[in-house]
Amino acid sequence: MDMTQRKKDAEQLKSYAIELQRNNKELEDFAFIASHDLQEPLRKITTFGDRLIEKTVDLDEHSRDYIERMGKSARRMKRFIEDLLLYSKVTTKQKPFELVDLEKKVKTVCEEMDHIIHSTHAVVNISNLPTIEGDNNQIHQLIVNLIFNSFKYKSEGKPPIINIFGKKKENNYWEISIQDNGIGFDEKYADRIFKPFQRLHGRSKYEGSGLGLTICKKIVERHNGTISALSKPGVGTTFILTLPEKQPPIH
Ligand SMILES: Nc1ncnc2c1ncn2[C@@H]1O[C@H](COP(=O)(O)OP(=O)(O)OP(=O)(O)O)[C@@H](O)[C@H]1O
Ligand SMILES: [Mg+2]
């Protein structure tokens, strides 16, 4: 192949990459605007449904049940939209990286969950967590989603024990584990749970949109890291993050 052809190919590739990037950005913007604008009409459905129940004295049992079910569905949809919005914000509302002390971050998140920690007699052990470069709000969100899952999927009749620890790897990377003694799941689903709306446990018992871990994955990938899970039913689950201590320079 001569040099001119090679140069032509390289230019073509570059223009494809730019086009792809633009399409991606448009899609992200669309998701953000759509989920934001869907909130208002939904709020109206809930408000007027509630008002109808309050104001109508002679509502028969069936009609009341229908309106209540409508309200319940609208509230579930609200959760979906809020989570979709959160998901799209990972790319549309980015903040520059700064130093984030992970030990402090985990402690802050635990303080926010003080109530659930006390009521379940949970123990959270923290050790060897580093300070890394990251988007402070996104790292917060990541830790909240993971710790909250450990509480949500706890085993019945035994207090949750959550171990959060770091291990320094070579080449600037840290491995951070979030380990629980909850209900666990069959490890063959370990990849599936990071996909949108994928849930392994029943909706009637565990509420949620199935976007929590999808958001975690997106956050970790923006930080040039990885996330994976190990689990055993009835024994517990460990989420493993690999994250760089220092971010590579932006090109
Ligand atoms: N610590 C855990 N122990 C056991 N199962 C888990 C754990 N974390 C996640 N899962 C399983 O993975 C599924 C996906 O988790 P994810 O956090 O994405 O969604 P969710 O918790 O169902 O809803 P939400 O969007 O509110 O977080 C869960 O429905 C659950 O079946
Ligand atoms: Mg969750």
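How many salt bridges does the structure hold? The count comes to 15, a salt bridge being a side-chain nitrogen of Lys or Arg within 4 Å of a carboxyl oxygen of Asp or Glu. This is a predicted model, where local features need pLDDT of at least 70 and side-chain atom pairs count only at pLDDT 80 or more, while totals for chains, interfaces and linings use all residues. Residues are numbered from 1 along each chain as its sequence is written, chains are lettered from A and ligands numbered from 1 in the order written, and side-chain values use heavy atoms, with hydrogens and water left out.

As for the overall layout, the protein chain has six helices and seven strands, taken as DSSP runs (helices H or I, at least four residues; strands E, at least two) numbered from the N terminus. Their order from the N terminus is α-α-β-α-α-β-β-α-β-β-α-β-β, and the C-alpha trace spans about 85 × 45 × 35 Å along its principal axes. In helix α1 (residues 3-55), Glu40 and Lys44 sit four residues apart, so about one helical turn separates them; their side chains form a salt bridge at 3.5 Å, N to O.

Then there is ligand 1. Around it are 21 residues, with Arg79, Tyr153, Arg199, His201 and Leu213 the closest; a residue counts as near if one of its heavy atoms lies within 4 Å. Polar contacts (N or O pairs within 3.5 Å) include one of 2.9 Å between a ligand 1 nitrogen and an N or O atom in the Asp180 side chain. A polar backbone atom of Leu200 is 3.0 Å from an oxygen of ligand 1, and a polar side-chain atom of Thr237 is 3.3 Å from a nitrogen of ligand 1. The protein covers 96% of the 590 Å² of accessible area that ligand 1 has on its own (Shrake-Rupley, 1.4 Å probe). Elements giving two or more residues to the shell around ligand 1 are α2 (61-92), α5 (136-152), α6 (212-222) and β7 (236-244).

Notes:
A polar contact is a pair of N or O atoms within 3.5 Å; within protein, one must be able to donate a hydrogen and the other to accept it, and residues adjacent in sequence count only if both atoms are side-chain atoms.
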